[in-house]
Amino acid sequence: MQKFIINLLIICLYCFPFGYVSMYQDWANASMIGYLTMIVGTSILAVSSRVFNNIIPFMVGNLASAMISLYFLHRMDITLGDGWDHGYFKPFAPHQVLLLISCLNLLPQFLAMWLTKRKKRAR
């Protein structure tokens, strides 16, 4: 029961729209802090998932985060009309950038999980 609650907590924390917040920070403030927050936050969650020996929250959480980010991106597009889409993320459309950063964000998560597994074996 405790493992189920921990897995549910990890999934709930993953449900934060990391990709959308990162892109919004980049667009509104021309700041890369959002991307750094996304990398650090999701890597910590990936390590937590690895520590509890369950990969399911990692997979479900990343999908949920990407889907929620896509929803907010769509809402932003409706609100601004063509404002966001007019060249800031060129040559890509905003939804393409979101999918790209969501996929690229898996690399530091896999690295963090691999290092955690390696450190566990060393003990």
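Read along the sequence, the protein follows the pattern α-α-α-α-α-α, with six helices and zero strands. Helices (H or I, at least four residues) and strands (E, at least two) are DSSP runs, numbered from the N terminus. This is a predicted model, in which local features need pLDDT of at least 70 and side-chain atom pairs count only at pLDDT 80 or more, while totals for chains, interfaces and linings use all residues. Residues are numbered from 1 along each chain as its sequence is written, and side-chain values use heavy atoms, with hydrogens and water left out.

**Overall dimensions and burial**

- The C-alpha trace of the protein spans about 55 × 30 × 20 Å along its principal axes.
- The accessible surface of the protein comes to about 7800 Å², and 70% of that area belongs to carbon and sulfur atoms. Accessible areas come from the Shrake-Rupley method with a 1.4 Å probe, and for residues only the protein chains shown count as cover.
- Of the 123 residues in the protein, 35% are buried. Buried means under 20% relative accessible area, exposed means over 50%, and partly exposed lies in between (1.4 Å probe, protein chains only).
- Among contacts in the protein with a separation of 6 or more, 81% join residues 24 or more positions apart. A contact means heavy atoms within 4.5 Å.

**Nonpolar core and buried positions**

- The largest nonpolar core holds 17 residues, of which Y14, M23, Y35 and I101 touch the most other members. Such a core is a set of buried Ala, Val, Leu, Ile, Met, Phe, Trp, Tyr and Cys residues joined through side-chain atoms within 4.5 Å.
- The elements giving two or more residues to this core are α1, α2, α3, α4 and α5 (94-104). The largest share, four residues, comes from α3.
- Leaving aside neighbours within four places in sequence, Y14 is in contact with T42, L45, A46, P57, F58, G61, N62, S65 and Q109.
- I10 is found in helix α1 and has a relative accessible area of 4%, so I10 counts as buried. With neighbours within four places in sequence left aside, I10 is in contact with L45, S48, S49, F52 and P57.
- S43 is found in helix α3 (residues 33-51). The relative accessible area of S43 is 12%, and therefore S43 is buried. Not counting residues up to four places away in sequence, S43 touches P108, Q109 and A112.

**Aromatic pairs**

- A search of the whole structure finds six aromatic pairs. Rings of Phe, Tyr and Trp (its six-membered ring) pair if their centres lie within 6.5 Å; planes under 30 degrees apart count as stacked, over 60 as edge-to-face and the rest as tilted.
- F16 and F18 form an edge-to-face pair, at 5.1 Å centre to centre and with 70 degrees between the planes. F16 is partly exposed because its relative accessibility is 42%, whereas F18 counts as buried at 10%.
- Y71 and F72 form another edge-to-face pair, at 5.5 Å centre to centre and with 65 degrees between the planes. Y71 is partly exposed, with a relative accessible area of 48%, and F72 is partly exposed at 35%.
- Y20, Y24, W27, Y71 and F72 form one aromatic cluster.

**Nonpolar surface patch**

- M1, F4, I5 and L8 make a nonpolar surface patch of about 480 Å². Patches are made of residues with over 30% relative accessible area and no salt bridge; like charges are joined within 9 Å, and nonpolar side chains (Val, Leu, Ile, Met, Phe, Trp, Tyr) within 5 Å. A salt bridge is a side-chain nitrogen of Lys or Arg within 4 Å of a carboxyl oxygen of Asp or Glu.
- L8 is found in helix α1 (residues 2-14) and is partly exposed, with a relative accessible area of 43%.

**Positive phi values in loops**

- A30 is found in the loop between α2 (18-29) and α3. Phi of A30 is near 50 degrees, a positive value in a residue other than glycine, and A30 counts as exposed at 64% relative accessibility.
- N53 lies in the loop between α3 and α4 (56-80). Phi of N53 is near 55 degrees, again a positive value in a residue other than glycine, and N53 is exposed, with a relative accessible area of 52%.
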